[in-house]
Amino acid sequence: MKIIVPMAGRGSRLRPHTLTVPKPLIPIAGKPIVHRLVEDIAKVLDEKIDEIAFIIGEDFGEQVEKDLMKIANSLGAKGTIYYQDKPLGTGHAIMCAKESLSGPAVIAYADTLFKADFDLDKSADGVIWVKKVENPSAYGVVKLNQNGEIVDLVEKPKEFVSDLAVIGIYYFKNVEVLKDELQNVLDQKLTRGGEYQINDGIQAMRKNGLRFVPGKVDEWMDCGNKNVTVETNGRMLKFLHQDGEKLISDSVKIKNAEITEPCFIGENVELINVKIGPNVSVGDGTRIENSTIKNSLIQNEAEIKNANLDNAMIGNYAKFDGNFTQISIGDYSVLE
């Protein structure tokens with residue numbers, strides 16, 4: 001089994017955080033989004049992962065590539081890097097990894113997380129993960145027949161078609177068939193809004209008689225912008241806490257600190273005169289003093305003093321003093 005992970009660009013909706021760290025490597029509950037994603041897929045599949053192929057931007061850098069290789073190695077899989085030189089859509093990104101498109105595979109976009117507990121229907125030619133939503137007109141949805149098979153994919157329907165939204169995770173019994181159909185899409189220059197889409201390849205497979213079924217998830221968590229990323233961090237912390245996972249490092253230095261779980265607190269964090277939690281992640285090496293923080297995501301090596309924060313997201317090596325009289329704020333920074 002292979003996992004193919006199109007990672008697209010850095011993500012403009014999460015600036016300034018993604019100016020230095022690509023969005024899929026933003027940590028959620030102490031672990032990068034893409035790391036959690038492939039781990040959860042591996043759990044659902046419950047079989048050996050032979051290869052994880054990451055499609056990234058050419059500007060991501062050597063350290064990002066090393067981090068991605070570590071993620072693949074942690075799951076006992078071969079890691080492969082491919083580059084998408086232009087943002088030409090999901091179909092184009094997948095075809096950038098065409099050398100790895102063979103055999104059974106899962107394709108998963110790296111800005112979403114999920115929780116699911118079900119057996120994958122490997123008798124089907126393909127599975128499309130979906131989640132029931134209240135506002136289907138804002139999503140791509142699947143239409144089912146009476147046998148529960150997918151008979152259509154509709155992007156942001158103006159009239160009700162289905163309330164099962166596509167979350168961006170797909171299983172293919174033989175992904176090489178998708179590769180052939182996407183090659184036809186590229187050869188014929190079949191674009192939508194100037195981009196090549198995976199849906200056109202899937203629709204061609206369906207028309208040729210291949211059978212697709214939905215795979216339903218219990219939870220679908222987006223990481224598209226700052227607010228939903230902070231919310232997703234909190235939800236993931238609750239799930240991990242319920243599962244009994246250890247979230248607070250033994251190396252945390254505490255002096256007069258009150259921690260309300262669930263919280264993730266990384267290695268060598270210092271907490272001095274603080275109230276922290278619930279739903280807070282604090283990255284390695286961060287120091288927090290004289291502050292109250294809840295529902296927030298703080299990355300590595302940050303320094304925070306005299307703060308009262310809620311629904312905050314603070315990047316690596318950032319310094320924040322709530323009693324500031326002088327500030328130095330770069331592009332895309334936000335103080336509200």
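How many bridges join strand 18 to strand 21? In this predicted model, three bridges join the two strands, which run parallel. Strand 21 covers residues 308-310.

Isoleucine 276 stands opposite isoleucine 293 of strand 18. Strand 20, residues 303-305, is a further partner of strand 18. The pairing is again parallel, over three bridges. Here glutamate 289 has lysine 305 in strand 20 as its bridge partner.

The aromatic rings were examined next. A search of the whole structure finds four aromatic pairs. One of them joins tyrosine 109 and tyrosine 170, with ring centres 6.0 Å apart. The planes of these two rings meet at 70°, so the pair is edge-to-face, the cut-off being over 60 degrees. The pair links distant parts of the chain, 61 residues apart. Tyrosine 109 sits in the loop between strand 6 (105-108) and strand 7 (112-115). Tyrosine 170 belongs to strand 11, residues 164-172.

Both tyrosines are buried. Tyrosine 109 has 16% relative accessibility and so counts as buried, since the limit is under 20%. For tyrosine 170 the value is 4%, so this residue counts as buried too. Tyrosine 170 also pairs with phenylalanine 172. Their ring centres lie 6.4 Å apart. Their planes are at 25°, so this pair is stacked, the cut-off being under 30 degrees. Phenylalanine 172 counts as buried because its relative accessibility is 1%. Ring pairs link Tyr109, Tyr170, Phe172 and Phe212 into a cluster.

Lysine 179 lies in helix 4, residues 175-187. Lysine 179 is buried, yet has no salt bridge. The nearest side chain of opposite charge is that of glutamate 176, 4.1 Å away. A salt bridge would need the charged atoms within 4 Å. Leaving aside neighbours within four places in sequence, lysine 179 is in contact with Met95, Lys98 and Leu101.

Glycine 76 is found between helix 2 (62-74) and strand 5 (78-83). Apart from neighbours within four places in sequence, glycine 76 is in contact with Lys48 and Ile49. Glycine 76 and isoleucine 49 are 27 residues apart in sequence. In space, their C-alpha atoms are 7.1 Å apart.

Notes
Residues are numbered from 1 along each chain as its sequence is written. This is a predicted model: local features need pLDDT of at least 70, side-chain atom pairs count only at pLDDT 80 or more; totals for chains, interfaces and linings use all residues. Side-chain values use heavy atoms; hydrogens and water are left out. Two strands pair if DSSP finds at least two bridges between them. Helices (H or I, at least four residues) and strands (E, at least two) are DSSP runs, numbered from the N terminus. Contact means heavy atoms within 4.5 Å. Buried means under 20% relative accessible area, exposed over 50%, partly exposed in between (1.4 Å probe, protein chains only). Lys and Arg count as positive and Asp and Glu as negative; His and the chain ends are not counted. Rings of Phe, Tyr and Trp (its six-membered ring) pair if their centres lie within 6.5 Å; planes under 30 degrees apart count as stacked, over 60 as edge-to-face and the rest as tilted.
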